[in-house]
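Hi,

Here is the structure I promised to pass on. Have a look at it first, and my notes follow below.

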Amino acid sequence: MSTLKDRLSDGLYGAGWATVKKLPEPVATALGRRIADIAWKRRGTSVLRLEANLARVVPDATPERLAELSRAGMRSYMRYWMESFRLPAWSKERVERGVEIKDVHHLKEGLAAGRGVVVALPHLANWDLAGVWVTRTLGVPFTTVAERLKPETLYDRFVAYRESLGMEVLPHTGGSAFGTLARRLRAGGLVCLVADRDLSSSGTEVTFFGEKTRMPGGPAMLALQTGALLMPATLWYDETPVMRGRIHPPVDVPPSGTRAEKTSAMTQALADAFAGGIAEHPEDWHMLQRLWLADLEARPEREGGTA
């Protein structure tokens, strides 16, 4: 049964990449909204989990407001997938028209200084599209890390897809990713990491929307070890076809403390920047898994990821 499910998942993703990118854009957009609405009306585990997470982000929301947010959230999530399936066919001009990033001077100045830059961002809007904008519009290659998915063929498909967009992709597991990322940063390169969900169960504890969770300490550790700048980034959609975003100023390195204490403080600074962006655009936060420690302790088994 597991093998059949894996083959089905891989086949569905393959069909998406093969078919959706050929559709006219208005048709793909309408299809994504239709799929999102069907999934939302079914009130499955992912939708209920999304609402539970949004209840932390918008604590004074009524049940009706949470339902509105989760519906908008599923539409945003499917917009991510429709765009991602179509990205390999997008021209440089289409990417430039589809993205507007504020305060990008922080990134440009950091790279020009030759120190290396770590950009950390949450699961907001379309991080793959942001990556394509960096490689095609700014002309800057970067390295990232991908969660190993099941089946292996699906993971390989995601790696090939992201590499076709100009990214160097390393596996999250295996032990060699950190060293490779550090070498890229010491050479003055760019590393981009989605960093609002800990995949190792040994991340750095932070306070996030008033409750404890864990986030990856890797971005802060890389910055501390290599001298690279650590910059949060947040993304969002609006009512237009354009995705918006912001590069935040570099996170300050604490002047004193142990490496662990500095890592903790810098990771908390990332969490605070993420929380600000998510609070402004909660419907674009694609967190359909358990995140807070209270939820993980209540049901510790791992839920599926979003690649």
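**What turned up**

Ring pairs link Y77, Y80, W81, F85 and W127 into a cluster. Rings of Phe, Tyr and Trp (its six-membered ring) count as a pair if their centres lie within 6.5 Å, with planes under 30 degrees apart called stacked, over 60 edge-to-face and the rest tilted.

Before going on, a word on the source: this is a predicted model, where local features need pLDDT of at least 70 and side-chain atom pairs count only at pLDDT 80 or more, while totals for chains, interfaces and linings use all residues. Residues are numbered from 1 along each chain as its sequence is written, and side-chain values use heavy atoms, with hydrogens and water left out.

Back to the rings. The structure holds 8 aromatic pairs. One of them is Y77 with W81, edge-to-face at 6.4 Å centre to centre and 80° between the planes. Y77 and W81 are separated by about one helical turn, because they are 4 residues apart in helix α4. Y77 is buried at 11% relative accessible area, and W81 is buried at 6%. W285 and W292 also pair: their ring centres are 6.1 Å apart and their planes at 80°, so this pair is edge-to-face too. W285 counts as buried at 1% relative accessibility, as does W292 at 0%. (Buried means under 20% relative accessible area, exposed over 50%, and partly exposed in between, using a 1.4 Å probe and protein chains only.)

Now the overall picture. The protein chain has 12 helices and 9 strands; these are DSSP runs numbered from the N terminus, with helices being H or I of at least four residues and strands E of at least two. Of its 307 residues, 51% are buried. The largest nonpolar core has 87 residues, and those with the most contacts inside it are L190, F208, L230, L235 and W285. Helix α4 (residues 63-86) gives this core its largest share, 10 residues. Such a core is a set of buried Ala, Val, Leu, Ile, Met, Phe, Trp, Tyr and Cys residues joined through side-chain atoms within 4.5 Å.

What does L230 touch, leaving aside its neighbours within four places in sequence? Its contacts (heavy atoms within 4.5 Å) include V118, A120, P219, A220, A223 and M266.

Helix α10 (residues 218-226) is worth a look as well. Its buried residues are P219, A220, L222, A223, L224 and T226, and they pack against β2 (117-121), α9 (177-186), β5 (190-194), β8 (229-237) and α11 (259-280). Just after α10, G227 takes a positive phi of about 80°.

Two of those partners belong together: β2 and β5 run parallel and are joined by 5 bridges, with L121 opposite V194. Strands pair if DSSP finds at least two bridges between them. In β5, 4 of the 5 residues are buried.

A polar atom of the T213 side chain lies 2.6 Å from the backbone oxygen of L291. Beyond four places in sequence, T213 is in contact with residues including F208, L291, W292 and L293.

Lastly, A30 sits in helix α2 (residues 25-42) and is partly exposed at 44%. A30 and R79 are 49 residues apart in sequence, and their C-alpha atoms are 9.5 Å apart in space.

Cheers

Methods. A polar contact is a pair of N or O atoms within 3.5 Å; within protein, one must be able to donate a hydrogen and the other to accept it, and residues adjacent in sequence count only if both atoms are side-chain atoms.
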